[in-house]
Each structure stands twice: as C-alpha cells, then as structure tokens.
Amino acid sequence: MRIAFLTSQFPGIRMGGIGSNTLAIARGLADIGHDVHLFTFHLPPDLLAALPHNITFHPTPDLAQRTADCQVPPELAAAAQSAGPSLHFLIQGALLADALLAAHAQSPFDIVEAPDYEALILPLLWRLHADAIPNPPATVTHIHSGSAINRRGNNLPTSPDDLAIDALEQAAIMSAAAACSTTAAVARESRISFPLDRSIETTHLGIPQVAASHITPPPADGPVLFVGRLESLKGADTLTLAANIFLQECPAATLEFVGPDTNTAPAPNGGGAASMRQWIEHTLHSTLLPRVHFTGELPPPAVADRIRSARFLCLPSKFENFSNVAAQALSLGRTAIVSAATGLEEVMGDAGITFEKANPTALASALIQLWNNPEKIAALSAAACTRATTVFHPMAIARQRTSFYQTARTAPPTGNRQSAIGNPLLHPLLLLTHTLLNIPLKSSPLTPGARLANLLHAISPDKPLHVALYGAGRHSAKLLAEKHRWESNGHRVAALIDDHPRFAHGGTHLNLPVLSPASALNQSPPLPIVLSSDTFEDQLWQKTAPFRQKGIPTHRLYA
C-alpha cells in the first residue's frame with residue numbers, strides 16, 4: 001500500500017513522543033514493503049540525512065519558515081498567531097494537508113494517517129476538496145493523549161480556546177474512515193473528554209530490538225529511575241510523597257529523576273504554578289535529599305545509559321498512552337512499577353508491577369516490596385526482554401497494522417456522520433471568527449510575539465535592539481512567525497542559542513544562525529538573551545547562569 005503520515009511533532013528531537021511514535025510506525029511498515037511517506041515541517045539537512053532511507057520525507061515550510069522566506073506577509077502571520085492555539089493548529093494542519101494533496105494528485109495514496117491533534121484538519125479538508133478528490137484515500141486518525149487529557153492530568157484550567165481544540169479533535173476522530181490508538185487506555189480517556197460514538201482499534205507500536213550483548217543484568221546498587229517531565233501528569237508529585245516512605249524504609253535505596261522541570265506544581269499560598277523540582281526538594285524530608293538526584297533533560301543515548309544503570313524504573317503517570325520510556329525499559333531488560341489502568345500497564349504487561357494510580361501509599365508499598373526482592377527483580381527483568389522481542393517485535397506489529405489499514409480501506413464513507421461533526425465545529429469556528437475580527441496587531445498581551453515586542457520596547461525604547469533567543473524549538477518558531485511586531489520598531493532577533501548536541505558545531509534554523517551556549521558566551525560583543533519557552537522557562541533560566549555571571553543581560557517572557 002501507498003501510505004502517508006502527517007505530523008507536526010516530528011522527529012521528536014526534544015520530547016515529542018508523538019513524532020517518535022510516528023517514525024516507529026512508518027519504519028515498521030516500510031520494512032515489510034509498503035511505500036511510506038511522511039509529511040512534516042522543515043528538517044535540518046543533518047537530521048534528514050540520518051532518517052531511514054526506505055521512507056520518503058516531504059519537509060514542508062511552517063508558518064515561521066514561510067515568514068522568514070517572505071512567502072507570507074509578517075502582518076498576516078502575526079494576526080494568525082493572535083487568534084490563539086486553535087487557529088495555529090488549523091494552520092499547521094492545512095499546510096501539511098496542502099502538501100499531501102499535491103503529492104496525492106501526482107500519485108494517489110491508499111491510506112492517510114494524521115497521528116497528532118495538531119494535524120486534525122486533514123479529514124475535514126477532504127470534505128472541502130470533495131469535488132477535486134472524488135475518491136480520497138481512507139483517512140485514519142491516530143488518537144494520542146489529547147489536550148483535554150493533559151489538562152486533567154496536570155490540574156489545569158480549561159479556556160475557551162481549549163474547548164475549541166477539543167472540538168476539533170472530536171470532529172477529526174468522528175470524520176475519519178477509521179480511528180486507532182496505541183493503547184486501550186488512551187481511547188478510554190478520550191471518551192471521558194468528549195462523546196465518541198464509534199469503534200477505536202488498539203494498534204500497538206513495535207519496539208526497536210536491542211542486541212543481546214547490550215542487555216546487562218540490573219545492578220544491585222542501581223537507583224530507582226523516573227524518566228519524564230517533572231509534572232503532575234507524569235506522577236512526579238505522587239512519587240515524591242511515596243519516596244518519603246520508601247527511602248526511609250529502604251536505607252540503601254536511591255532515587256533519580258531524569259527529565260526537564262515544569263511549572264506544574266502548586267505554588268505556595270495558592271498563587272499560580274511553581275517549579276515541580278523545587279516542590280519535590282521542599283516536600284522530601286531533608287535527611288533524604290542526598291539520596292535523590294536530578295539530571296535534567298538528557299539526549300536519548302544518555303537516557304538509555306541511565307536506564308541500564310537502574311535497578312528498576314518507576315513510571316507513576318496519571319495518564320499515559322504507549323510510553324516510549326516503558327518500551328525502552330523492556331528492550332533493555334528493565335522492569336518498572338507503573339500506574340494501573342493506564343497505557344503503561346498495557347505496555348509492561350507481565351514484566352511490570354502495578355499500583356493504584358495517584359496513590360502515594362500504594363506506590364510506596366510497591367517500591368518497598370520490589371526493592372527488597374532481588375529474585376523478583378531478576379525474573380521481571382528477564383520477562384521484559386522476552387516481551388520486547390515477541391509481543392512488540394516490529395515486524396509482527398507492522399503486519400497487524402496492515403490488517404487494520406485493509407479494514408479502513410473498506411469502511412463506509414464518513415458522510416453519515418455529518419451531524420456528529422457539525423456541532424463540535426460550530427464553537428471553534430465562532431471563536432476563531434470573533435478573535436480574528438478583534439486583532440490588536442501590536443499590543444495583544446496574549447501571544448508570545450506581543451510579549452517579546454513589549455519586552456524589547458521596555459528594554460530599549462529609543463533605539464533598535466538585537467537579541468538572541470535561548471531555545472531553537474517550537475516556541476521560537478511561534479515567536480518568529482510574529483516578528484512583524486518588533487521589527488516594525490527596528491528590533492531584531494539576530495541568533496538562536498540551543499544546547500542540543502546537533503548544534504554543538506553551529507547550524508541554522510529558520511534562517512538564523514544557531515549558537516551553542518559555549519560559542520554564544522564567547523561571542524563579542526555578546527547579544528542580550530531572551531528565554532524562548534512557555535513550559536521550561538525555569539530550566540532555561542538555570543542554564544543561562546553562566547551568561548548572567550558574565551554580565552550578559554538575560555530576560556524572561558513569562559515569569
């Protein structure tokens with residue numbers, strides 16, 4: 001079959017589990033002979049060269065790249081960003097879908113899958129292009145942990161724009177020829193978020209195989225390992241409360257957190273949100289702190305090394321789909337304690353231990369029992385290897401998915417679900433229309449670009465200022481799509497700074513030079529720095545300590 005995937009979260013360089021999952025699916029299908037295509041946004045040449053050669057990639061310029069290339073007027077890009085995330089997701093999906101439509105016209109696809117909820121416009125576009133595409137390919141929506149699930153897991157409020165995104169997600173699921181999820185848990189959680197009157201097939205992911213020579217027995221003195229964002233959704237708060245009991249009962253045990261900090265912890269005195277790492281350090285008994293370690297975010301090879309060094313893992317997420325961390329633990333022969341009734345339980349199976357999710361007492365009991373039972377650790381670790389090489393072997397999973405696609409191709413047209421789509425779409429369309437009619441191009445406090453424009457004016461109201469953005473990720477792309485806001489006053493973003501290994505020797509992104517922190521520190525004269533993240537700003541603030549010690553002005557957008 002000729003199969004196309006659309007994803008804006010590819011290739012999962014930093015975080016991006018959806019992008020990583022998409023690559024795993026695409027690689028498995030290509031390996032058994034399907035003609036697989038992947039439509040995503042612009043990839044740097046070094047990353048493109050490292051991707052599998054049996055998959056055809058279609059890099060598409062996103063809104064920021066088109067603005068940088070003068071293909072989109074900056075005023076229009078800034079206006080689009082002012083309308084909020086829901087319109088941003090629609091634009092992302094439309095750009096990818098337009099590229100796919102052009103390729104489909106040249107050589108039709110049999111199956112098109114939109115794996116993440118930032119490309120949900122795809123099934124709706126088939127409707128808009130019904131006359132031009134009388135026989136569109138079967139469209140499959142791959143359900144991941146959507147916006148509503150993330151909000152519930154992190155105890156976040158729901159905004160009108162969030163409701164718009166939920167409605168778009170529901171509309172895409174209902175309009176697709178078939179819907180699937182990598183675990184039954186995420187489908188169950190999605191049904192809690194909004195009504196889904198249709199079947200959802202469970203199609204697991206294949207786990208990359210690891211040579212037996214690279215699998216070692218778990219060390220008796222290894223730490224209990226947590227891998228993931230330090231946030232409530234991932235159960236970092238549950239593990240912290242459990243650790244106060246576990247570490248006291250098991251004096252030889254240590255605990256290691258691998259992953260970036262987030263502002264999802266309850267702030268003191270009930271105001272806003274605070275650093276989860278600081279909350280963990282404050283909540284743990286002071287006598288236990290020396291046995292708890294934080295590595296921050298690590299590149300994938302270093303994460304694999306930390307898993308090998310662990311005695312076992314603890315993954316206490318309150319909601320989880322097909323966990324890449326759990327899959328990697330299986331492949332490296334490590335068992336894990338995981339939350340029951342989540343996708344983690346489905347992945348670990350008989351190779352893991354479950355506890356009642358969000359229950360610190362139950363988690364502490366599981367930690368103590370497993371730590372004190374080396375024979376069980378050894379048996380479960382062996383079962384992990386077996387599960388990775390049998391149940392989740394990529395070739396077996398790819399054949400199962402092929403069978404699912406064959407069923408999707410014969411599914412009846414989605415026209416009979418028109419009534420289910422109309423109502424969910426009505427609210428976001430009204431919301432977006434209202435927003436677009438009331439766009440203050442230079443003064444809206446709601447967008448990243450407006451925040452940066454106001455900050456630059458406050459720093460230097462009388463003369464143009466050149467700055468560097470610390471972070472070459474999605475947030476910087478959103479900022480640069482709004483560059484009209486500050487460039488109209490003469491200010492300029494002159495460079496990006498990023499500590500990812502692929503930028504160790506420089507490079508470019510969105511037509512800007514990308515500097516490593518070391519090279520940026522030694523640049524003369526140094527550029528003032530603006531942190532570019534709305535999620536990990538505390539972590540970036542810590543990383544810029546050398547710049548601040550050197551007297552280089554460093555500014556935050558959100559704190």
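**Notebook: loops, sheet, helices and cores**

Entry 1, a cis peptide. I looked up proline 525 and found its place in the loop between α22 (517-521) and β20 (529-531). A cis peptide bond joins serine 524 to this proline 525, with omega at about -10°. I note here that the model is predicted.

I checked which residues have a positive phi without being glycine, and cysteine 70 is one of them, at about 60°. Cysteine 70 sits in the loop between α3 (63-68) and α4 (74-82). Its relative accessible area is 71%, so cysteine 70 counts as exposed. I recorded alanine 358 as well, with a positive phi of about 65° although it is not a glycine. The loop that holds alanine 358 runs between β15 (353-355) and α15 (360-371). Alanine 358 is partly exposed, with a relative accessibility of 42%.

I counted 24 helices and 21 strands in the chain. The chain has 559 residues, and 57% of them count as buried.

In what order do the 7 strands of the open sheet lie? I read the order as β3-β2-β1-β4-β5-β6-β7, with parallel pairing. At the edges I found β3 (55-60) and β7 (201-202), each of which pairs on one side only. I looked at one pair within the sheet: β5 and β6 run parallel and are joined by 4 bridges. Histidine 142 has cysteine 180, in β6, as its bridge partner.

I traced helix α5 (residues 85-106) across β1 (2-6), β2 (35-41), β3 and β4 (111-114), and its direction makes an angle of about 145° with β2. Two packed helices are described by the angle between their axes and the distance between the axes. For α5 and helix α8 (residues 160-175), I noted axes that come within 8 Å and a crossing angle of roughly 35°. On the α5 side the contact is made by Pro85, Ser86, Phe89 and Leu90, and on the α8 side by Asp161, Ala164, Ile165 and Leu168. By type, the residues of this contact of α5 with α8 are 6 nonpolar, 1 polar and 1 charged.

Which residues of helix α9 (residues 184-193) are buried? I listed Ala185, Val186, Ala187, Glu189 and Ser190.

In soluble globular proteins, nonpolar side chains tend to be buried together. I asked which members of the largest nonpolar core, with its 52 residues, touch the most other members. These are Phe5, Leu313, Leu330 and Tyr405. Another core, of 35 residues, lies apart from it and includes Val224, Phe226, Phe246 and Phe312. I also listed the contacts of leucine 313, leaving out residues up to four places away in sequence: Leu225, Ile307, Val325, Ala329, Arg334, Thr335, Ala336 and Ile337.

Note on methods
Residues are numbered from 1 along each chain as its sequence is written. This is a predicted model: local features need pLDDT of at least 70, side-chain atom pairs count only at pLDDT 80 or more; totals for chains, interfaces and linings use all residues. Side-chain values use heavy atoms; hydrogens and water are left out. Buried means under 20% relative accessible area, exposed over 50%, partly exposed in between (1.4 Å probe, protein chains only). Helices (H or I, at least four residues) and strands (E, at least two) are DSSP runs, numbered from the N terminus. A nonpolar core is a set of buried Ala, Val, Leu, Ile, Met, Phe, Trp, Tyr and Cys residues joined through side-chain atoms within 4.5 Å. Contact means heavy atoms within 4.5 Å. Two strands pair if DSSP finds at least two bridges between them. Axes are lines fitted to C-alpha atoms, for helices over the stretch in contact, and angles run from 0 to 180 degrees between N-to-C directions. Ala, Val, Leu, Ile, Met, Phe, Trp, Tyr, Cys and Pro count as nonpolar, Asp, Glu, Lys and Arg as charged, and the others, Gly among them, as polar.
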